[in-house]
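Thanks for making the time this morning.

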Amino acid sequence: MSTDDLTDDLTRNTANAPPELLTRSFFFLCAVLSIFVTIGIIGLLVTEAAKFFSITAPLMGVEGPTASVVDFLTGTEWIINNEQFGVLALVTSTLMVTFGSALIALPLGVGTAIYLSEYADPQLRAVLKPALEILAGIPTVVYGFFALIYITPALRVVFPSIGTFNLLSASIVVGIMIIPMVASISEDAMSAVPDDLRQAGYGMGATKFEVSTGIVVPAALSGILSSFILALSRAIGETMAVTVAAGAQAKFHNPFNPAAYLDGGSPMTATMVNLLTGDVTGGGLAYRSLFAIGLTLFVITFAMNVISELIAQRYREEY
Amino acid sequence: MATQDRSSYAEGFGQVSRTVGTVFRYLLLASTLFGIAVLAILLVYVANDAVQPLTADPGWHLTFFLTLVLPTLATAGYLAATNLEALKFGSMTIGLIVVSLLFSGGVAIIFIEVLAPLVWFAYVLAFAVPTVLMIALQRRSRQLSFLTRFVVVALAFYTSLFGLPGVVPSVAALVQSAPFVPLDWVLLTLTLGLFASAPTASYAAGIRDRRTGLGVGVLALAAVAASPFIGPPVFGIGTVPSVILASVTVVPTVAFVGGTAVTREHARIGILVPLLIVGGALAGEVLVDTLGYAGPQSWVDWQFLTSDHSGTAEDAGLYPAIAGSILLMVTVAALSFPVGVGAALYLEEYAPDNRITRFIDVNISNLAGVPSVVYGLLGLGLFVTQLGRPSGTIFVGGATLALLILPIVIISSREAIRSVPDEMRQASYGMGATKWQTVKNVILPRAFPGILTGTILALGRAIGETAPLIMIGAPNVLFSFPSELSSKVSAMPLQVYSWASYFATDAFYEKAVPAGVVILVTVLLAMNSIAIVLRNRYEQET
Amino acid sequence: MSQENMSNDNVESATEDPTDDDMILETDVAAGLEEGSETVRTARERSIVEANGINVWYNDEQALQDITMSVPENQVTAMIGPSGCGKSTFLRCINRMNDMIDAARVEGELYLGEKNVYDPDVDPVALRRRVGMVFQKPNPFPKSIYDNVAYGLKIQDIGGNHDEIVEESLKRAALWDEVKDQLDESGLDLSGGQQQRLCIARAIAPDPEVILMDEPASALDPVATSKIEDLIDELAEDYTVIIVTHNMQQAARISDKTAVFLTGGELVEFDDTKTIFENPEHERVEDYITGKFG
């Protein structure tokens, strides 16, 4: 080939050839869609919730009944028919389920992670990991049904006063549901601990127990913490299991009173489901309260995800 | 003294206590098994409620124990001890049969209730004609510019599918208005039969040579074509289900078994396991019938699978919900797969490392953590209130669920794309390939199994979801059949929920709900195991 | 391409390949000596790649310092030096593979033929279509042998009979006889040495101006290595080959010209291979060649 041809060839623009442009723009649109989803969620929740509160409703040009922000955030009664919207009645139930499930999932999840990353041989891992994944793959409505039909009657043997709908059974199933999340993220963090550290421990004559608890767990601590927060955020947002198991009666509980677990409650998510399957008329105050709860829920879970991400970033930088 | 020192050292070696460590080890094992064990117990309970094995005659149990359980267990035990590979092959075959039977059921529901075979055939043809044109044009790519080809192909697709009003009727319409219409099973044989035998042929060609492949393909097609003459008299099923069963279950299973038997002689003996299970079940059935033993009064039966909802637990069925779940799954897959893979490709292969990219990145992992009810609110507010779509339809439900699983699909696809070795990219770019050529020829084929695994898991999540469907206003009970995108949606988990909450009587708790749970869990376990098997194979390869 | 007269010499030197390791340096360089003077003169007239003040930074670290050299057409040019000296970086400047690394920054001019490839109007993708590359680790695609070789033709939309080009390329890569009956099988089923020859066949199929080789034999066993070396010698009949190697004997065996890079990304000496190995100008090069360091 002559050099002129070569020069022509080199300057031929391939990056903007039609197939390239077309595919690149399509892929870019797909990626950007996620931003629009976020904007959509936030925009929708904020505008609808704004119509709910009396401070912002006039700005949105909404007339008719509204609710006060202060009452919403500090009220302890949630009675739709009386137009009493005290979100604390829901938040306390959510917190109790979250706390109760944490009591189950966090220790068991970390134990599972240590076992999988430090003790189990590869063959056993190959069986245990998919089995754990199945725990997370069972639909949540099934867990709710299990809690209602099998776990509550079993608990009644121990606690005769337990209600048909109760927070205890809801906590148990939510706890089981989030074990795999704690386990898999914590295990990732533990596997990321460099082998040198373990070797150093064994070289000092430490036992496997001492290496696991004294070296691996502390080294993976930020990863474990981030898994905790993520799992708790998942528990807060968990819907169907608590809807079926915990009931629909919004009640303010003292979260520090263990006896309250035997009683029913209506966590935020369950309230939203019940609002829609019950007496919501489109566009009314009850309909808007849905978005007010949704916003509260979104803000809480979003904050927790961000915190967990920040912590996880720290551990990624460590190694 | 030196000797004393030495002996005290020697004693010292045994002094580090292992007690705490041993206790700790078993505690860890217990915590690992706790969740699995609890779930297993609960599943046994619910299966017991749904199937009621104890209502059967003891003779029934004994018969099946002797014909089915004992021989299978004995063979499996023997194989486990002597030839693990054969056992694996046998269990894979059984798994394939179960999964493909489930799949045939789904396909059969679609063709019987939703999609008339003629319409399906018309659209397959309407797609095939412009596709052939596209390939022909691709061959001549040097004479024609990309833009010309693109316009011609796009126009051909549009005309073929929708027609130009008043000028040219679409191929789809043309076929449907044809004066002579072949029987349904002929149409299905021509489409499904071809779809099943073509990959079988290429699989066989990969093992032996092209001629064998062609022979196997023709044989498979012949088997599918013969099925409507065998199915109705022998098994008492219609011609359409026969063709579906032949092309979705029989051909792939036989291909898998045959292929493995030819390539892995050592594992051949494993075929005993499925043979014993199928043969034992048939023999047991015949024996039980002749001896007059009554089987269990299972709530999971044909009636439950094929009836509509009813106010009485005994008559309630899951049929509309099963169909709704299938339609939802198709919609969700069609919406989330291309967008999810596209976004993953952009982020892994195209995106420059800048602030927008990092923002999208963080944004996606945050979206993955947003509770499903909030997605339900998004569906309600966006599709129903803002866009004015009718509430509770399959389209709105599918779109909402697609948004819900989009971040999961993106994240798992990104992992699969990232696991493509960098040498492959280097080789392709080094040859002067453009981005898209590299993606199309090197990255996508290599990452595809991983992407598929992630998508199946995400789809499993989608069809297990209830809350978003409630939020978008899906009806609690559905008597009529969902047959198109704009019909009201029902889904298996939603039906189970409404039985457990609106018909909260003991009869429903004891009968319909456990039966529904068993079906739902079976479908999800099947999907999960497909994904896990796929992933294991894929990880072995790489 | 009309290089018949030169190619004969190259073939001869290849066939004379000594087996005794100790002898290699002397004999091979001696073989190159006969043709040396003539070759160099031709080369000065036609150089295909000319670097003019190339500097490369990775973030703030300088990887190449002011490299100026011109690579003669239809010869084998070797680049040697201790690891981390920037020889691979320079190779990747020629087909702009460094563009793919975000942290890398290249300054200077590099001419392929008469065009500076760092001119803003040059498309790196188009450039790579005219410059073949063979990597350190054999990296065939997980496709059939045929599709591997035809990859470049396919992506460049080169029409005509691919079968012929595939056969020709495989023959040139000395692989045809081994694989002609299994063209449909995966390229990954071949042995390491065969895979590398497949990669060479893939690189030459679209008929590039220059073939870049980045330590092509370092992952192979001695038998496979010697096959690759023979092949490189034959390729120089029609192609310009630029090869990076850490193996000095290999450079002495197969190259016509040798460039020595030393730590810090400096091109210390570039001359006929014979001169470099027998009578280097710089003491540092002599120290490196004789194994005093590096």
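Before the core itself, a word on the term: by a nonpolar core I mean a set of buried Ala, Val, Leu, Ile, Met, Phe, Trp, Tyr and Cys residues joined through C-beta atoms within 7 Å. Please also keep in mind that what you see is a predicted model.

With that in hand, the largest nonpolar core has 282 residues, and the members that touch the most others are A:Phe145, A:Ala147, A:Val173, A:Val182 and A:Ala241. The element that gives the most to this core is helix H13 of chain B, residues 319-350, with 17 residues.

Staying with chain A for a moment, helix H10, residues 221-237, is 17 residues long and reaches 24 Å from its first C-alpha to its last, which is close to the 24 Å expected at 1.5 Å a residue. H10(A) is also mostly covered, with 14 of its 17 residues buried.

Let me turn to chain C and its strand S9, residues 257-262, where 6 of the 6 residues are buried.

S9(C) has a parallel partner in strand S3 of chain C, residues 76-80, with 4 bridges between them, and here C:Ile80 stands opposite C:Val260. It also pairs in the antiparallel sense with strand S10 of chain C, residues 266-272, over 6 bridges, and in that pairing C:Lys257 stands opposite C:Asp272. S9(C) and S10(C) form a hairpin with 3 residues between them, and in the turn C:Gly264 has a positive phi of about 100 degrees.

Now to the contacts between chains, starting with chains A and B, where 72 residues of chain B are in contact with 73 residues of chain A. Helix H2 of chain B, residues 19-51, gives the most to chain B's side of this contact, namely 16 residues. By class, that side of chain B divides into 51 nonpolar, 18 polar and 3 charged residues.

The contact between chains B and C takes 16 residues from chain B and 20 residues from chain C. On chain B's side, helix H17 (422-430) and helix H18 (435-464) each supply at least two residues, and H17(B) has the largest share, 6 residues. The side of chain B that touches chain C divides into 6 nonpolar, 6 polar and 4 charged residues.

Finally, within chain A, the domain assignment gives domain 1 (11-66) and domain 2 (78-318), and the C-alpha centres of these two domains lie 30 Å apart. How many residues of domain 1 of chain A are in contact with domain 2 of chain A? There are 8 residues from domain 1 in contact with 9 residues of domain 2, and the domain 1 side has 6 nonpolar, no polar and 2 charged residues.

Definitions and conventions. Residues numbered from 1 in each chain as written. Chains lettered and ligands numbered in written order. Predicted model: local features only at pLDDT ≥ 70, side-chain atom pairs only at ≥ 80, totals over all residues. Contact = placed C-beta atoms within 7 Å. Nonpolar A, V, L, I, M, F, W, Y, C, P; charged D, E, K, R; others polar. Expected span 1.5 Å × (residues − 1). Buried ≥ 20, exposed ≤ 12 C-beta atoms within 10 Å, placed from the backbone. Pairing = 2+ DSSP bridges. Domains from an automatic or database assignment.
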